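Here is a friendly tour of one model, written for someone who likes to know the cut-offs behind each term. Please have a look at the sequence and the structure before reading on.

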Amino acid sequence: MHPADAPPTEGLLGHPAPPVEPTVVVPLAPPVPETKGLLTPEPTPEPTPPPRAEPHPELAVDVHPRPGAERPARRRSVAEDTLTPEEWRAAGYTPPTGIPIPELTPGGPGEAPWPDRMRTLLRTPMSERPAFERTARELHPSAGTTRNVPRILDLTLRIGELLLASGEGAEDVEAAMLGIAHAYRLDRCEPQVTFTLIGISYQPSLVEPPVTADRVVRRRTSDYTRLNAVYELVADITAEKVTVNDAYRRLALIRRNRHPYPAWLLALTTGLLAGAATFLVGGRIDDKAWLVFASAFVAAVLGDRLASALARRRLPEFYQFVAAAMPAAASGIILSFNDWGLRGSVVITGGLFALLPGRALVAAVQDGLTGFYITAAARLLEVVYLVAGIVIGVMVILYLGVGFEAKLKPDESLAGISYPPVQMVAAMLLTLAFAMLLQTDRRTLALVTVNSGIGWASYGALVYNAGVNPIAATGVAAGLVGLFGQLMARYRNGSALPYVTAAIGPLMPGSALYLGMLAFAQGHSSTGLVSVFRAAAIAMALAVGVNLGGEIARLFLKLPVGAELPSLYPAVPRRAAKRTRGF
């Protein structure tokens, strides 16, 4: 047989020969060019078969042939093997391995306060949100531990629950949850906060199922000492100083800590708040002012005890506010039945200052301004219900008093700034009592009181010296309170709520709300509507001013962008909330 007619040798031209043993999984490589004339003779020219498509260099072939048969190779048909990172980014996704960012430098999460750092990440879409660089401790292989994803998510939800129950805004709660997840190396997390439900979802990659956990917030407490402790815990976690087990231990201690003030002292503080409000709206000190103060003090303490009794009976908070508003209104009616000239309207207005929900109002407006509209609507509805409870409690007594021809004089609660030093002291005393009712830490009371004095002095100067409209003056004064409150919070590395909520107490629209209710009780509906809308405008100006002051304060501080904080991702500005915009 001529050598040219001999069949080609198996295994040399691409025809596999049956092996003795199965081969292992090997990656396919491009075919090696053949050397002419060395191993086989040059084949005769024949019609060339259609060329085979070359496999992807990263695809693998699992070869387990049987004698006399050929098993087709099993290939991984995963989408990320066929798309480039640019195509993934254009589609709005990130590959499981992430997009490398060479500008990142090793180190911890940075020195700026965690709310600023986390807000920047929170306002960045998931497809553009990179992970933090890790510290040297995290990069060391012996120091790392196996991540327990459900345990980390549970810790995140527990801390978020405490923050939301204390009155923090939804954006700050989400920022804290995102910071905790990033600190424990869960970089693809998405927190979600509503009024009563918080959740977080972690997706390891696009080819693995996500892990989601939820938690319902059933109780809301005003304990700013606990809030500051939670802030310190979140700061230590985001700085990568606390392990998961240590964080659980500290969180248990925070939950077990008792309130800084006993119940009997809080009851007396409620009376002190209402009594200080009588000097604030009365505008003068005379021989009858102290009797009015005592009446407001006793009525507020009695209302607090009635509300506590209803709370122990598990009645809703609406009925607690109805019961708490009645004693002050009844005391004002009783004082108006004499000829001594005692100011019954001042007692009623002072009782309103002790009940108006300023904390919920500020949180509602803050959520609305930052784009959390569902939570803001729920908080505003809560404010409406609480104010409705106050109005019902006062209106029932006012209708009875008007029926018995009580001599209520509305102008008694609009005395103006007759004695500025007295009213300044009264405003600061009211704030001190309000801060104690909110369980503010003792070390914070002095700063809160000073912040209140700044706000009230600004309001008085604008209204009675510059002739500014009271609504606009309230907004400016609240802006100063928010500005200085944010700066004080940065100085103490804590939340701004303890420095702001109590400080706006003297600016609450207690007098306007009382005038509206009295006008309705006397049958003047148009006048009552005007007063009620004026009270609502003052409340809105108050909340917007507080939020704007806090935002202005952040302009003077470092933002986590570019070279200022090299341990974060490079040059990503703090984005505004655009959750419902189409552009």
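## Aromatic rings and their surroundings

Phe 279 and Phe 293 are both buried, where buried means under 20% relative accessible area, exposed over 50% and partly exposed in between, with a 1.4 Å probe and protein chains only. Please keep in mind that this is a predicted model, in which local features need pLDDT of at least 70, side-chain atom pairs count only at pLDDT 80 or more, and totals for chains, interfaces and linings use all residues. Residues are numbered from 1 along each chain as its sequence is written, and side-chain values use heavy atoms, with hydrogens and water left out.

The structure holds six aromatic pairs. Rings of Phe, Tyr and Trp (its six-membered ring) pair if their centres lie within 6.5 Å; planes under 30 degrees apart count as stacked, over 60 as edge-to-face and the rest as tilted. For Phe 279 and Phe 293 the ring centres are 5.7 Å apart and the planes stand at 40 degrees, so this pair is tilted. Phe 279 belongs to helix 8 and Phe 293 to helix 9 (residues 289–312), so the pair ties together parts that are 14 residues apart in sequence. Ring pairs also link Phe 279, Trp 290, Phe 293 and Phe 297 into a cluster.

Helices (H or I, at least four residues) and strands (E, at least two) are DSSP runs, numbered from the N terminus. Three strands form an open sheet in the order 3-4-5, with antiparallel pairing; two strands pair if DSSP finds at least two bridges between them.

| Strand | Residues |
|---|---|
| Strand 3 | 189–193 |
| Strand 4 | 197–202 |
| Strand 5 | 211–216 |

Strand 3 and strand 5 stand at the edges with a single partner strand each, so one side of each is left without a neighbour in the sheet. Strand 4 and strand 5 pair over six bridges, and Gly 199 has Asp 214 in strand 5 as its bridge partner.
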